[in-house]
Amino acid sequence: MITGKIVSGMDDLTDALFVRDEVFVKEQGFSAESERDAHDELAMHVVLYDEQGPVGTGRAFYDDGRWRIGRLAVL
């Protein structure tokens, strides 16, 4: 079963950052420094879980008059 949780700002991004690190840094080769940015503090993050732990994440934030969705990652 898939469940989810919404995290605002920097409340507890441990699981979201785990998924992003696995996908963007380890799998795709981005640097850890470039993967994290100031938008993390402003964003609403969603983390998806299966029986073994976090499996997906994404974020949304309002910037420059529009909503932006990004950092979508699935293990």
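Colleague: Which residues of helix 1 are buried?

Modeller: This is a predicted model, in which local features need pLDDT of at least 70, side-chain atom pairs count only at pLDDT 80 or more, and totals for chains, interfaces and linings use all residues. Residues are numbered from 1 along each chain as its sequence is written, and side-chain values use heavy atoms, without hydrogens and water. Helices (H or I, at least four residues) and strands (E, at least two) are DSSP runs numbered from the N terminus, and buried means under 20% relative accessible area (1.4 Å probe, protein chains only). In helix 1 the buried residues are Ala16, Leu17, Val19, Arg20, Val23 and Phe24.

Colleague: Against which elements do these buried residues pack?

Modeller: Contact means heavy atoms within 4.5 Å. By that criterion, the buried residues of helix 1 pack against helix 2 (32–35), helix 3 (39–42), strand 2, strand 3 and strand 4.

Colleague: What is the order of the four strands in the open sheet?

Modeller: Two strands pair if DSSP finds at least two bridges between them. The pairing in this sheet is antiparallel, and the order is 1-2-3-4.

Colleague: Which residue of strand 4 is the bridge partner of Thr57?

Modeller: Strand 3 (residues 53–63) runs antiparallel to strand 4, and seven bridges join them. The partner of Thr57 in strand 4 is Ala73.

How values were computed: Buried < 20%, exposed > 50% of the residue type's maximum accessible area, 1.4 Å probe, protein only.
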